[in-house]
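Reader: Please give me a close look at the packing in this model, with one part taken in detail. Which residues are involved, and how far can the prediction be read?

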Amino acid sequence: MISIILHGLPAQLERGITGESFAAHGRRERLEALRRLVDAGTLRPQVEAVLPLDQAGEALTQVAGRHTRGKIVLQIGQ
Amino acid sequence: MAGGGFAELALASADRLAPMPGRASFAEAAGLVIGGGTAYQGLADRGRLQPGETVLITAAAGGVGSAAVQIAAALGARPLGVASPGNHDYLRGLGASAAFDYHAADWVRQVRAAVPAASTCCWTAPGARPATRPSALSATAAG
């Protein structure tokens with residue numbers, strides 16, 4: 001089991017299942033791998049909405065509802 | 001970048017930067033770094049997902065999950081998505097082999113029935129309800 005949720009993983013995994021929780025960390029090699037996937041057309045970034053920064057509260061409410069498809073992007077300035 | 005990301009000019013370590021994809025807008029690229037980067041790190045680097053393996057992805061329609069489904073498919077694996085029924089067609093469009101509804105009391109049994117060997121890897125994205133995580137574990141095979 002792979003998770004980025006640091007808390008809440010079952011303390012004891014069952015049946016020999018191995019688990020790992022990690023913190024996401026941006027590295028150039030990974031960003032370049034993502035770029036290749038996007039430019040190949042196999043990874044399409046999912047952005048449900050682009051909202052101005054002053055609607056950040058609304059964006060958080062939408063995300064908290066757990067029904068957002070992909071990301072909501074906040075735009076700063078123009 | 002430790003801070004100051006909103007500034008017009010910022011100092012960043014070169015090993016944390018890469019050119020934007022030519023095919024992505026600024027908004028798409030902004031969403032890609034967190035959602036795609038997290039999914040890639042978990043599936044490819046930590047999970048070492050192999051072609052032909054099955055991976056169960058919770059919160060599969062969310063920011064990390066939607067990237068995880070596509071990246072798993074791009075790696076030649078078989079992604080199974082867990083999400084609300086209204087997102088099931090959406091997940092199949094992203095490349096999910098099958099979609100499951102976490103509202104169903106027996107969704108774990110449904111996963112096991114669809115995949116006789118159960119899944120070899122399980123990815124829990126941050127958007128999943130806490131109660132979904134132990135269930136996802138019980139749908140996962142050892143290894």
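**Packing in and around chain B**

Author: In chain B, 57% of the contacts with a separation of 6 or more are between residues 24 or more positions apart (contact: C-beta atoms, placed from the backbone, within 7 Å). This is a predicted model, in which local features need pLDDT of at least 70 and side-chain atom pairs count only at pLDDT 80 or more, while totals for chains, interfaces and linings use all residues. Residues are numbered from 1 along each chain as its sequence is written, and chains are lettered from A and ligands numbered from 1 in the order in which they are written.

Chain B has five helices and four strands (DSSP runs numbered from the N terminus: helices are H or I of at least four residues, strands are E of at least two). Along the sequence they follow the pattern α-β-α-β-α-β-α-β-α. Of its 143 residues, 46% are buried (20 or more other C-beta atoms within 10 Å of the residue's own; exposed is 12 or fewer, partly exposed in between).

The largest nonpolar core has 42 residues (a core is a set of buried Ala, Val, Leu, Ile, Met, Phe, Trp, Tyr and Cys joined through C-beta atoms within 7 Å). Among those with the most contacts inside it are B:Leu43, B:Ile57, B:Ala68 and B:Ile71. Helix H2 (residues 63–74) of chain B gives the most to this core, six residues. Beyond its neighbours within four places in sequence, B:Ile71 touches A:Leu37 and A:Leu43 from chain A, and B:Ala39, B:Tyr40 and B:Leu43 from chain B.

A:Leu37 is one of the buried residues of H1(A), as are A:Leu34 and A:Val38. What covers these buried residues includes helix H1 (26–46) and H2 of chain B. The 13 residues of H1(A), 28–40, should span 18 Å at 1.5 Å a residue, and the end C-alpha atoms are 18 Å apart, which agrees (expected span: 1.5 Å times one less than the number of residues). Just after this helix, A:Gly41 takes a positive phi of about 85 degrees.

The contact between the chains takes 43 residues from chain A and 49 residues from chain B. H1(A) supplies the largest share of the chain A side, ten residues.

As for confidence, chain B averages a pLDDT of 85, and 80% of its residues score at least 70 (pLDDT: the predictor's confidence in each residue, from 0 to 100). The complex has an ipTM of 0.83 and a pTM of 0.86 from the predictor.

Technical notes:
Contact = placed C-beta atoms within 7 Å.
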